[in-house]
Amino acid sequence: MRYSYGILDQKQILLYQPQLFLRNNDVLTFPTREFHKWHGDIKEYLDGLYQIQLRSGTVKKPLSLDINDFNLANAVLNNITDEVKDLFDENNILNLSHHYVSTLDDKYKKMVGNNYTTDMKRCDTKILLKPRITPWMKEKHMMEIVDAVSMEIRAKERNKKLQ
Amino acid sequence: MRVSEGVTRGKIAELNNPEIFREREEVVVFKRDEFNRIYRSMMEQIHHVNQIHLYLDESETWKLMGYWPKVMERVYIIDKNMDALLRNEPLQCYLDAFLESSVGSFSGEVAASKGKVSAKDMLPI
């Protein structure tokens with residue numbers, strides 16, 4: 001996402017990278033320090049969620065978790081909701097005394113699978129296989145339609161005979 | 001958090017209410033529609049997880065195994081969104097939606113990569 005730092009100078013903002021914006025772009029401005037703090041807070045909660053996953057099943061072992069883990073995860077998500085909602089609340093004053101920097105390795109963010117989930121995935125993702133249309137296939141397709149129509153006609157004739 | 005809207009004019013940006021910031025305070029400036037996109041995406045993901053939690057019956061804990069990956073999928077999207085906020089790369093979805101591709105199709109390259117995969121591997125069974 002395009003963003004630029006800037007400094008407030010005589011009620012206007014001097015942009016450090018003005019080339020990223022067009023003239024008359026609508027922009028939103030946040031104080032840098034508080035925004036970084038907010039960003040770090042949410043990253044902290046997200047890392048917490050990954051840690052719940054890690055505790056319930058390491059990367060190699062099959063996943064196992066109970067309702068408590070799920071409730072815990074939901075509580076952490078509620079905290080994220082609060083943080084996201086508080087972003088536009090001017091009265092919300094952040095505690096700037098500490099700052100979280102995420103150092104969680106990417107390998108812990110991988111999805112832990114078990115047999116059940118892979119089966120679910122197979123059901124969920126529809127694999128589209130596009131066959132190459134050859135003259136033979138075209139003819140077969142045509143003949144299928146012709147067969148279906150001729151079957152209908154034959155059935156109708158049979159009905160007439162029965163009547 | 002203190003937030004102000006504004007309009008860019010070349011090198012400077014004019015704010016609607018500059019008095020909430022201190023003089024010489026460093027600020028970070030986002031494009032409004034891009035920020036809007038990220039923000040709404042995050043709210044949507046959170047809403048989805050909350051709904052899963054809401055409709056989960058406490059007695060049917062065996063369903064958790066299926067729901068957990070769904071929840072983590074959403075968490076992963078939130079994580080990616082947070083990363084995208086402070087990274088000066090264009091948003092891929094944004095580009096897909098708004099830029100017409102001037103480059104011709106890559107049908108040749110696609111065919112080459114497809115050739116490496118045997119037909120058996122592509123079958124769902």
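"Buried" stands for under 20% relative accessible area, "exposed" for over 50%, and "partly exposed" for anything in between, using a 1.4 Å probe and protein chains only. In general, side chains in a regular strand alternate between the two faces of the sheet. Strands here are DSSP runs of E with at least two residues, and helices are runs of H or I with at least four, numbered from the N terminus.

This is a predicted model, in which local features need pLDDT of at least 70, side-chain atom pairs count only at pLDDT 80 or more, and totals for chains, interfaces and linings use all residues. Residues are numbered from 1 along each chain as its sequence is written, chains are lettered from A and ligands numbered from 1 in the order in which they are written, and side-chain values use heavy atoms, with hydrogens and water left out.

**Strand pairs**

β2(B) has partners in both chains: β1(B) and β2(A). Two strands pair if DSSP finds at least two bridges between them.

| Strand pair | Sense | Bridges | A bridge in the pair |
|---|---|---|---|
| β1(B) and β2(B) | antiparallel | four | V7(B) with E14(B) |
| β2(A) and β2(B) | antiparallel | three | I13(A) with A13(B) |
| β1(A) and β3(B) | antiparallel | five | Y3(A) with F30(B) |

The hairpin of β1(B) and β2(B) has two residues between the strands, and G10(B) there takes a positive phi near 65°. Most residues other than glycine have a negative phi. Q10(A) is exposed because its relative accessible area is 63%, and K11(A) counts as exposed at 55%.

**Where the chains meet**

How many residues does each chain bring to the contact? Chain A gives 74 and chain B gives 68, with contact meaning heavy atoms within 4.5 Å. The area buried between them is about 7,600 Å², and carbon and sulfur atoms give 65% of that. Buried area is the accessible area (1.4 Å probe) that two parts lose on being put together, summed over both. M1(A), L8(A) and F70(A) supply 12% of the area chain A buries against chain B, more than any other three residues.

There are six salt bridges between the chains, each a side-chain nitrogen of Lys or Arg within 4 Å of a carboxyl oxygen of Asp or Glu. K109(A) makes one with D79(B), the closest N and O atoms being 3.2 Å apart.

**Two residues of chain B**

M1(B) comes in the segment before β1 of chain B. Is M1(B) buried or exposed? M1(B) counts as buried because its relative accessibility is 1%. Residues of chain A that M1(B) touches include F30(A), W38(A) and L94(A).

D83(B) lies in helix α2 of chain B (residues 64–85). Leaving aside neighbours within four places in sequence, D83(B) is in contact with H39(A) and K43(A). A polar contact of 2.7 Å joins the side chains of D83(B) and K43(A). That term covers a pair of N or O atoms within 3.5 Å; within protein, one must be able to donate a hydrogen and the other to accept it, and residues adjacent in sequence count only if both atoms are side-chain atoms.
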